[in-house]
Amino acid sequence: MITSAAAGFSVSLALIVAIGAQNAFVLRQGLRREHVAPVVVACAASDALLIAAGVAGVGSVVADRPALLAAVRFGGAAFLLCYAVLAARRALRPDALVPTDRPAASLRATVLACLAFTYLNPHVYLDTVLLVGGIAQQHEHRWVFGAGAAAASVVWFTALGAGAHRLAPLLARTAAWRVLDGAVAVVMAGVAVALLVG
């Protein structure tokens, strides 16, 4: 059982560490020190829910519905392109890059944005429901594997949200925010294009 949990943890961690819309959002909230705990809880709980769905076998049902997969793919690509445009705008407008100069978003708006970055991104379904769920089916203790995968999500998002403030001195300069937002814009646009052509 410990082997299954460790395998789930390592597979999940390898998938979620790569920069994406969700990670970029958690990082930005951590840097701003704004509603960090609710964002971390929303991300980890969402991953746990999706992993559980995958372990339960939902992935095979979704994979058999090409129209549903196409709708998720195109909708997610549109969302990611919009976010890329917003990030590019922030990168091009130095006056918009200092997080303390902007009014804090409400908790409700922040959590809704977090959930949008999670559930409107098709990659989250590919990673959690299809991939993690599919690998879990190969383990004797598939729910233990799933628990390990969910634990990796908790560890990662907690570390990212709580540790982001350590980057604050580096990102206190406008140029650093310009680079961060520029990189996020490029990554999000790249993911969206890959979804559209893939």
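Is Gln-22 buried or exposed? Select it and check: this is a predicted model, and in it Gln-22 has 11% relative accessibility. Buried means under 20%, so Gln-22 counts as buried.

**Stop 1: around Gln-22**

Color helix α2, residues 21–32, and you'll find Gln-22 in it. Now bring up the side chain of Thr-118: a polar contact of 2.7 Å joins it to the side chain of Gln-22. To see who else is there, show Cys-43, Asp-47, Phe-117 and Phe-157, which Gln-22 touches along with Thr-118, leaving out residues up to four places away in sequence.

**Stop 2: the nonpolar cores**

Next, select Val-184 and Met-188. Of the 29 residues in the largest nonpolar core, these two touch the most other members. Helices α2, α3 (36–56), α5, α6 (107–119), α8 (142–163) and α9 each give two or more residues to this core, so give each of them its own color if you want to follow the packing.

**Stop 3: a charged pair**

Which side chains meet in a salt bridge? Select Arg-32 and Glu-34; the N to O distance is 3.1 Å. In general, side chains of opposite charge can pair when their charged atoms come close. With a cut-off of 4 Å from nitrogen to carboxyl oxygen, the count comes to one salt bridge.

**Stop 4: a nonpolar patch on the surface**

Leave the surface on and select Phe-74, Leu-81, Val-193, Leu-196 and Val-197. Together they form a nonpolar patch with about 440 Å² of accessible area. Where does the patch come from? Helices α5 (66–92) and α9 (174–197) each supply at least two of its residues, and the largest share, three residues, comes from α9.

Finish on Phe-74, which sits in helix α5. Its relative accessibility is 41%. That falls between the 20% and 50% cut-offs, so Phe-74 counts as partly exposed.

Terms used
Residues numbered from 1 in each chain as written. Predicted model: local features only at pLDDT ≥ 70, side-chain atom pairs only at ≥ 80, totals over all residues. Heavy atoms only, no water. Patch = residues over 30% accessible without salt bridge, like charges linked within 9 Å, V, L, I, M, F, W, Y side chains within 5 Å. Areas by Shrake-Rupley, 256 points an atom, 1.4 Å probe, with all protein chains shown as cover. Helix = DSSP H or I, 4+ residues; strand = E, 2+ residues; numbered from the N terminus. Buried < 20%, exposed > 50% of the residue type's maximum accessible area, 1.4 Å probe, protein only. Polar contact = N/O pair within 3.5 Å; in protein donor to acceptor, adjacent residues only side chain to side chain. Contact = heavy atoms within 4.5 Å. Core = buried A, V, L, I, M, F, W, Y, C linked by side-chain atoms within 4.5 Å.
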